[in-house]
Amino acid sequence: MTSPVLAGARVLLGVSGGIAAYKAADLVRRLREAGAEVRVVLTESAARFVTALTFQALSGQPVRSSLWDEAAEAAMGHIELARWADEILVAPASADVLARLAHGQANDLLTTVVLASTAPLSVAPAMNHQMWTHAATRANVETLRARGVRVFGPASGAQACGETGEGRLLEPLDLIAELAAARGPRPLAGLRVLVSAGPTFEDIDPVRFIGNRSSGRMGFAIAEAAVAFGAEVELVAGPVALPTPTGVRRRDVRSAREMREAVLTAVPSSDIFVSAAAVGDYRPAEPSALKLKKTGASRALELVQNPDILAEVGRLAPRPLLVGFAAETDDLELHARDKLERKGLDLIAANRVGENLGFECAENALLLLWPGGREELAQADKRVLARALLQRVAARYRETRGATP
Ligand code: PMT
């Protein structure tokens, strides 16, 4: 389907070596369906996985892979390609190509074209999960991000090597959605977005606590997407082991009461509050100052209710646009609508938890509800869903508050 922001775009697709290179063939087809003109540059390693002929047939254009192609370089072909592109997308981007791009190397056609071009650069990493989390790759990705390079994915899941983890290439349609969002208008420009993410921990004694299985991924993806959409973003994070997305101001908290304090402090300077945190509803009435000892008898733990942060913000006037989440195991829509109304929200994102969705995992599926409306967002990587959710949030902001500043 033609995309208004990709129609007519001149996309140079760089394909580097890795098993995910086969997905780049479908990506070419989808980009052309979206209305883009596509030219492909293969690295020498990519050409070992997929042939130039495949890309030539799909793009309808000659495919280049060598800097030493005498015919093409007679007319400075690499400079011509660099000037032709108004978007460069490297998908899949291997650990090696990310390293070479981060260090400004120009030792093959792809890296030379990138260096010689003023077109915005996007990379879609794909590699073994250990390579993705290696400190060297992390540093290279941060260098690229700091330079304004967009990083799409990677997704998590089963890998070609037989292991499971983060490092899969995003699906072609998800990559197209990312590219379209990056090229499109920035729907939250000028707005201040507050996001809460992760679990809360309620101490029982100095070594034990009550927590939950939230990893923070959903909220962190929302914070990252809000920055990409032009917002100023503050993130209140429960105890999670995730790096802070670039451009986000982060405040770490532990308990629900600490989260309440951080949120209430930030709310007066926020236009939108997205409450993705899994806040513990109860805490031990009297946490012990000393480690509780085993007594041989059963023990009862008295719990008292925590403050409902979102409901409290909902009672403030004025208040930011309020976006809540509902994590449900049953009757998703019924319970979510009840929370939407009871907490006075502008929108609620309901997720069914369990079945490898919701808590902890890389993917989710959301049902968005607002007074008088609903939209289903099919299962996808949380980063892809975060962008779709924020498109709807921006629309709600315009409907209820008028134009963005
Ligand atoms: O972190 P991940 O592993 O990526 O998982 C994501 C998620 C499943 C945690 C996330 O998508 C999600 O659903 N977050 C909300 C979970 C939850 O606490 O739902 P709830 O139905 O109990 O709460 C409803 C809303 O009220 C939520 O917006 C919650 O942040 C808020 N709340 C709840 C209790 C409380 N005491 N204070 C609150 O503000």
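Colleague: How many bridges join strand β3 to strand β4?
Modeller: Four, with β3 (residues 87-93) and β4 (residues 121-125) running parallel. This is a predicted model: local features need pLDDT of at least 70, side-chain atom pairs count only at pLDDT 80 or more, and totals for chains, interfaces and linings use all residues. Residues are numbered from 1 along each chain as its sequence is written, and side-chain values use heavy atoms, without hydrogens and water. Strands (E, at least two residues) and helices (H or I, at least four) are DSSP runs, numbered from the N terminus.

Colleague: What is the bridge partner of I88 in β4?
Modeller: L121.

Colleague: In what order do the five strands of the open sheet come?
Modeller: β2-β1-β3-β4-β5, with parallel pairing. Two strands pair if DSSP finds at least two bridges between them.

Colleague: Which strands does helix α7 lie across?
Modeller: Helix α7 (residues 109-116) lies across β1 (10-15), β2, β3 and β4, at about 145° to β3. Axes are lines fitted to C-alpha atoms, for helices over the stretch in contact (heavy atoms within 4.5 Å); angles run from 0 to 180 degrees between N-to-C directions.

Colleague: Switching to α14. Which of its residues are buried?
Modeller: In α14 (residues 332-342), L332, A336 and L340. Buried means under 20% relative accessible area, exposed over 50% (1.4 Å probe, protein chains only).

Colleague: Why are they on the same side?
Modeller: Because they cover an arc of only 55° around the axis, taken from the directions to the C-beta atoms.

Colleague: What covers them?
Modeller: The cover includes β16 (321-328), β17 (347-352) and β18 (363-370). Exposed L334, E341 and R342 are on the face turned away.
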